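Thanks, everyone. Let me put the structure up, and then we go through it piece by piece.

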Amino acid sequence: MTQSTFGIEEEYFLTDLTSRQVARRNVEAFATACQYELGERVTREMFAAQFEVVTPVLHSLTDARQCLEGARRTLARLAREFDCGVLAAGTHPLGQWRRVRATDMPRYRAIFDDYRMVASRSVLAGLHVHVGVAEGVDRIRLMNRLTPWLPLLLGLSASSPFWNGRPSGLMSYRQAVCDEWPRMGIPDHFADEAEYQRYVQVMTDTGCIRSAANLWWNIRPSLRYPTLELRIADACPRLDDALCLAGLFRAMVEHVQLTPHHAWCDDPLTRVLTLENRWRAKRQGLRGLFIEPASQRLLTFATWLEEVLERIATLVPASDRWILEHARNLALHGGSAEAQLAEYRGARANGLEHGEALHQVVDSLMAQTELHPSQQLA
């Protein structure tokens, strides 16, 4: 099988270097500078100080690394010109949703008009991965088989333990905020693409949604491209984590195209168990026990992950096999959310006040996002 093409979208918060808050000054000047240097590769998101980098169609993780390294370094350099930094994480540790300004564009004005405070509270950043699907292959049937694995990808990416300047008690509070939206989270189950299209038609004909773009599930068939789009992952401060997730999702999509469909994927109980596993990943990240959906056994995250890695390993190119060990290391040693909490607690134990400890976390996240060498090994 020819390796699938893919694309990555990374979201970042522009961060004021003085206050460490989501930036309010110089945002439009920064946006203009980004547009000049990166063109269509950088786009505006729902909030003025939130930016997204969109890669071209990619054929390898090497290409992805080169593209995203260049974009992150450019954003960091431009941000420094305006006394700011860039930060990739599911939530900004010092983010205050009441203080963050919306982006004044027709698309976003419509969203804020439709969803009101739910939209206003969604000061979040995600990692989205598109993987190409061969022509004639039913993307909904593939989606049904991939959905039970989504909690694994959430656990590996979880990077949002803080909300409104305090520990939330969750590893991915971003997903808790997402649960306030309609048509978000784990997708509804459709037998195939034809049934899905009937649903979209009813929803648009009745004015419930403007288009299929208003279906924001954790995984969905792209409206614009012949791809499946992963949306559950938090934005990753460390680039290696983002590349690992992209490579794993790519191999998962290829795996389900090559192997037979199993009846358990269509069992209503499977979706219920996936909802439970998503909660556990949202709350505990890489810790605790999860329900393996086919056998319905309780497994540790690491054990469940290993079972899935064994299935997809042969589909990972030799040059990318580092992602398998990287995923195992995350499961063993912890990901971004655990590291952020450990830094915060360590700073507090060393006598720093709450705000100062959060400043330290923000500084570390900016350093990781901006590819400072010492932070890539932490």
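Start with helix 4, residues 139–146, and helix 8, residues 239–258: their axes come within 10 Å and cross at roughly 115°. Helices here are DSSP runs of H or I with at least four residues, strands are E runs of at least two, and both are numbered from the N terminus. The axes are lines fitted to C-alpha atoms, for helices over the stretch in contact, with angles from 0 to 180 degrees between N-to-C directions. The crossing of helix 4 and helix 8 is right-handed, meaning that the near helix is turned clockwise from the far one by less than a right angle.

Who makes the contact? From helix 4, Leu142, Arg145 and Leu146; from helix 8, Phe249, Met252, Val253, Val256 and Gln257. Contact means heavy atoms within 4.5 Å. By type, the residues of this contact are six nonpolar, one polar and one charged. Nonpolar covers Ala, Val, Leu, Ile, Met, Phe, Trp, Tyr, Cys and Pro; charged covers Asp, Glu, Lys and Arg; the others, Gly among them, are polar.

A word on the source. This is a predicted model, where local features need pLDDT of at least 70 and side-chain atom pairs count only at pLDDT 80 or more, while totals for chains, interfaces and linings use all residues. Residues are numbered from 1 along each chain as its sequence is written, and side-chain values use heavy atoms, leaving out hydrogens and water.

Next, backbone angles. Most residues other than glycine have a negative phi. Arginine 20 is not a glycine, yet its phi is positive, about 65°. Find arginine 20 in the loop between strand 1 (6–16) and helix 1 (27–38). Is arginine 20 buried or exposed? Arginine 20 is buried, at a relative accessible area of 19%. Buried means under 20% relative accessible area, exposed over 50%, and partly exposed in between, using a 1.4 Å probe and protein chains only. Asparagine 26 sits in the loop between strand 1 and helix 1. Its phi is also positive, near 65°. Asparagine 26 is partly exposed, at 33% relative accessibility.

Helix 2 next, residues 61–81. Its 21 residues reach 30 Å from first C-alpha to last, close to the 30 Å expected at 1.5 Å a residue. That expected span is 1.5 Å times one less than the number of residues. Among its buried residues are Leu61, Ala64, Cys67 and Leu68. After helix 2 comes aspartate 83, with a positive phi near 55°.

Now the aromatics. There are 14 aromatic pairs. Rings of Phe, Tyr and Trp (its six-membered ring) pair if their centres lie within 6.5 Å; planes under 30 degrees apart are stacked, over 60 edge-to-face, the rest tilted. Phenylalanine 190 and tyrosine 196 have ring centres 5.7 Å apart and planes at 75°, so they are edge-to-face. Tyrosine 196 also pairs with tryptophan 217, tilted, at 6.3 Å centre to centre and 55° between the planes. Tyrosine 196 is in helix 7 (residues 193–205) and tryptophan 217 in strand 9 (residues 216–217), so this pair ties together parts 21 residues apart in sequence. Tryptophan 217 is buried, at 1%. Phe190, Tyr196, Tyr199 and Trp217 form one aromatic cluster.

Last stop: cysteine 178, in helix 6 (residues 173–178). Cysteine 178 is buried, at 7% relative accessibility. Leaving aside residues up to four places away in sequence, cysteine 178 touches Leu124 and Met184.
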